[in-house]
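My entries below keep to what I looked up.

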Amino acid sequence: MTSKSPKRRRLEDARTVELLAHERKVNSLDFNLSGEYLASGSVDQTIRVWDAERALSGGGNTNNASRSRSTPTTNNNNNIPNGRLLGHRDSVEQLRFSPVHTDELVSVSSDKTVKFWDVRQKKEVQSIPTHGENINVAWSPNGKTVCVGDKNDTLTFIDCTTMRAVKTASGKEVEVRHRKPISRKVFKETEVNEFAWDREKESEKFFVLTGDGKVQCNVWDETKHTIKNVHEFVAHTGGCYTIAFDPSEKKTHFAIGSADSLVSIWNIPVGYMCLRTVARHETPVRTVAFSHDGNFLASASEDDFIDICDPVSSKRVCEPIFVRAPMNALAWHPKTHALAYAGDQEDLNKRKREALNLDEDLDAKASRMEEEERGNAGGRGGASMEENDRDDNRRRRSGNIKPNVNKVQQVEGIVRLWIPKLVVDE
């Protein structure tokens, strides 16, 4: 008796909604738990919170029949309701919605503060000073703890469960949450990039990515407020920059993006074994993200495209999304197949050119990449390549922007929503 081959899922006929979000480049994106809001944080020191449901339902024309498959319909939609959150005095480096409260958002900045926001009321509810310039933030899956990382390779853990009685204007006493730092971990000879808890609700597993290509597996003790390194493994030959976990009920995979231009895909149930790599990027991978059902993995780098693949096979499920700038952030909607993306300054002159080879048309590049993929079906066998000087250029999203010496037309601060149709081949 022959077993049925798995169904093949692919994405096609995408439309794109553009949100003119910020005056400077965008560093971070995130949807809230319900998918009602999309938040963006920028070098311009502001946060925008968008009505994601309106953007998904009202933007763009889905009829792409008369257009090239690599140039989907775009709707430049400035009428999407949004709120502007002010308070940071330097670049907003990263933001994340709470995994348990739909209206709660945390953001970190180079201004040495961590801020908590009520997005429904559009106001800051608490600001906590830190010792260094912050670049990363993560919630524990149960929403009880927030971890903040700074440029000094220090992690600060913040308790989000303490309640405090305060008096309202009418004199009534109410209890509100009072978040406070409870623990700090200094990495003395280790370059810390991104970090994350895994997706189990009460998980104590805490992963730290390092500049020497390793992943540190730690145990976070929520009661004693301590972190202990129990295991580490080499994931890449270049620095590990970004990590994402499968958010579906399966919780089968996690992915790591690296300075060596590879994305490695790991299996969780069998003990963190590297299953496959995505070897289509040519520059350091800045961001990776899984779709809500775990069926698609998006990755972006300093190349001029976003790659979307099946995490089981690592094969592409659609044509690459071509972009005109290095991408800093990817975020899938938590309930549907819609991908938000944003990044650095866009060079409008590169609309039909690739960043690494300005003489090659984007359509020609797509054909070349497909031919190379067919000819090298096995890809690179593991997450390895010769060491180079990429690791000397540690990723700092708020670093100085190179001067526009060629005076090319540029635009920045745009957030895009890529909204495809799901096709399942029987």
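Strands (E, at least two residues) and helices (H or I, at least four) are DSSP runs numbered from the N terminus. This is a predicted model, where local features need pLDDT of at least 70 and side-chain atom pairs count only at pLDDT 80 or more, while totals for chains, interfaces and linings use all residues. Residues are numbered from 1 along each chain as its sequence is written, and side-chain values use heavy atoms, with hydrogens and water left out.

**Entry 1, strand S13.** I looked up residues 154–159 and found six of the six buried, so S13 is largely enclosed by the rest of the structure. Thr154, Thr156 and Ile158 point one way, whereas Leu155, Phe157 and Asp159 point the other way.

**Entry 2, its partners.** Two strands pair if DSSP finds at least two bridges between them. S12 (residues 145–150) runs antiparallel to S13 and is joined to it by five bridges, with Val148 bridged to Thr156. Three residues lie between these strands in their hairpin, where Asp153 takes a positive phi near 60°. On S16 (residues 180–186), also antiparallel to S13, I found six bridges to S13, including Ile158 with Pro181 and Leu155 with Lys185.

Which order do the four strands take in the open sheet? I read S11-S12-S13-S16, with antiparallel pairing. S11 (134–139) and S16 stand at the edges with a single partner strand each, so one side of each is left without a neighbour in the sheet.

Terms used:
Buried < 20%, exposed > 50% of the residue type's maximum accessible area, 1.4 Å probe, protein only.
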